[in-house]
Amino acid sequence: MRFDATGKVSLDHIYTQPDPRSYFSVLRPLGYCVPQQAKPYFAKLIKEYRESQHVAAPKVLDIGCSYGINAALLKYDATMDELYGRYCAEDREGDSREALLARDRELSRSRQPAQRIRFVGLDNSSSALSYALEAGFLDDAVHADLEAHEPTPRQREQLAGTDLVISTGCLGYVTERTLTRVVHAQDGRRPWMAHFVLRMFPFDPIESALAGLGYRTTRVEEVFKQRRFASPEEQTLVLDRMSAAGVDARGLEAEGWLYAQLYLSRPQDPSGPETGGLAAREETTVPHEPKREQN
């Protein structure tokens, strides 16, 4: 079992396959569930943006989107349990990529009318992006590494006009460099943001960079299970990292799960707390779906 520089087990291979079967078959035993927990928060934020900014079909940029999981959950009201069943079924192990795509296209057609959202995925895995786009989960795909490179003119066009930026677990590997480049691609517009970030990764550098761009960030008080540790060694390495950073893992990561926190960032109005007539408040009242344990 290999570990990356953060102490987490390396799962890079599951993001670069031609279809999502490895992704779901590896993550299912680990109880990976954060997209399901994120779903009602993202849905509420999209609804609030639509109503307050009078945008009928908000454009959502999902950073680290992989196979378009968040898009499937939000556009077509899929669930993680449904997707696990879809991609981990034994009778589908021998299916071709085209057969899987055909089933997923049927999913998108059967859930019409879809939620009024335009989903753009940003990822450095061309295989995952290609699948999500062909399946109909994503409306557009940006294959880029904005940590290392400025967006090309074509990528800037794809990023432009973004209304909301979301992520479920990639921040920590993705830093303020990517978010800053996304904002700069908007030519003066500032999208709302909602990021689920593992507690092992500090958010301060990102919050500071966003503040410099005119954002105010609040943190939801609740914590969210992401997945079980893949091994006792992974847990030890992560706990050591958290201890060195002064993060108390008692009752949370020490009990066997990785946990995330939700950070919400919105543009500040120079003449008031926030734009769009939104009152400044701690975001602690967002409705939350009951947690469903994955076995």
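Predicted model: local features only at pLDDT ≥ 70, side-chain atom pairs only at ≥ 80, totals over all residues.
Two strands pair if DSSP finds at least two bridges between them.

Strand β5 covers residues 192–198. Strand β4, residues 164–168, runs parallel to β5 and is joined to it by five bridges. In this pairing T168 stands opposite F196 of β5. The two strands also belong to a right-handed β-α-β unit, in which the helix is α8, residues 176–184.

β5 has another partner, strand β7, which spans residues 257–267. Here the pairing is antiparallel and has six bridges.

Is β5 buried or exposed? Buried means under 20% relative accessible area. Seven of the seven residues of β5 are buried, so the strand is largely enclosed by the rest of the structure. In a regular strand the side chains alternate between the two faces of the sheet. On one side of β5 are W192, A194, F196 and L198, and on the other are M193, H195 and V197. These residues are all buried, and both faces of β5 are covered.

The model also leaves some open space. Rolling a probe the size of a water molecule over the atoms shows where empty space is left. The largest pocket has a volume of about 950 Å³. It is lined by 35 residues, and those closest to its centre are Y15, G64, D123, C170 and Y173. Several elements each supply at least two residues of this lining, including α1 (21–27), β1 (59–63) and β6 (215–228). By type, the lining has 16 nonpolar, 11 polar and eight charged residues.

Key
Residues numbered from 1 in each chain as written. Heavy atoms only, no water. 1 Å grid on protein atoms, 1.4 Å probe; cavity = no way out; pocket = protein on both sides within 12 Å on 5 of 7 lines; lining within 4 Å. Points joined across faces, edges and corners; volume = space filled by probe spheres on them. Helix = DSSP H or I, 4+ residues; strand = E, 2+ residues; numbered from the N terminus. Nonpolar A, V, L, I, M, F, W, Y, C, P; charged D, E, K, R; others polar. Buried < 20%, exposed > 50% of the residue type's maximum accessible area, 1.4 Å probe, protein only. Right-handed = clockwise from strand over helix to strand, strands pointing away.
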